[in-house]
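Hi,

Here is the structure I promised to pass on. Have a look at it first, and then read my notes below.

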Amino acid sequence: MEKNTHKLVILVGSVREGRFGPVVSSWVAEQAVAHGGFEVEVVDLAEVDLPLALPAAPPKFAGADYPRPAGMAALTEALEGADAFLIVTPEYNHSYPASLKAAIDWHFTQWTAKPVAFVSYGGAAGGRHAVLHLENVLTELHAVTIRDGLAFPNYFTAWTDERPDDPQAAGYAKTMLDQLSWWAGALKHARAAEPYPA
């Protein structure tokens, strides 16, 4: 029996100069492709026009008429077409980057009734504070957050040749991706059967 694949969008959350996010995202994308349950698209927020000033009407109510910048069109299309999301985030001052908040806030229905997994990196906490904040925000947007994510503490000494030193990292990634795939399928069927009552 052929395995169903789901459209997975991996968001590179950091836009900071010298960021480590693309290294983590590349490795995670490799794991997702090897998993076999996903069609993978990596979206780097450093390549997206993400102004902090928002229009007066929120996207929840404006719908298709929401006036997003032209440079955001590819991001919006990717989020709209996704069955699942995987957010790669660093931790800045016990939270996540403003670039991620802007990308989230410029959208609403694109997140609704879809699963989101997290891969974080940072100092001793491995970015876990950032993930806790993201879980709260995305729950407000009716997304479903996945419990088992990946965290890389002290990433600056825990990676060699753009790969994590922890031999169990790939196994943890598989667990996360298994759960993400299950939720992607379950929620996709649910959305097709009946509109989500947001």
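Let's start with S120, which is buried, at a relative accessible area of 1% (buried means under 20% relative accessible area, exposed over 50%, and partly exposed in between, using a 1.4 Å probe and protein chains only). Before going on: this is a predicted model, where local features need pLDDT of at least 70 and side-chain atom pairs count only at pLDDT 80 or more, while totals for chains, interfaces and linings use all residues. Residues are numbered from 1 along each chain as its sequence is written, and side-chain values use heavy atoms, with hydrogens and water left out.

Back to S120: you'll find it in strand β4, residues 115-121 (strands are DSSP E runs of at least two residues, helices are H or I runs of at least four, and both are numbered from the N terminus). Its side chain reaches the backbone oxygen of G126 at 2.7 Å. Setting aside neighbours within four places in sequence, S120 is in contact (heavy atoms within 4.5 Å) with residues including T89, R128, V131 and F152.

Next, the cores. A nonpolar core is a set of buried Ala, Val, Leu, Ile, Met, Phe, Trp, Tyr and Cys residues joined through side-chain atoms within 4.5 Å. The largest one here has 32 residues, and L11, L45, L50, L75, I87, W111 and L138 have the most contacts inside it. Among the elements that each supply at least two of its residues are β1 (6-12), α3 (73-81) and β4. Helix α5 gives the largest share, five residues. Apart from this core lies another, of 26 residues, among them I10, V23, A32 and V88.

Now for helix α1, residues 21-35. It has 15 residues and reaches 21 Å from its first C-alpha to its last, close to the 21 Å expected (the expected span is 1.5 Å times one less than the number of residues). Its buried residues include V23, W27, V28 and A32.

Which residues other than glycine have a positive phi? Most residues other than glycine have a negative phi, but look at these two. H94 has a phi of about 70 degrees; this residue lies in the loop between β3 (84-90) and α4 (98-105) and is partly exposed, at 48% relative accessibility. E162 has a phi near 65 degrees; E162 sits in the loop between β7 (159-160) and β8 (163-164) and counts as exposed, at 56%.

Key:
Polar contact = N/O pair within 3.5 Å; in protein donor to acceptor, adjacent residues only side chain to side chain.
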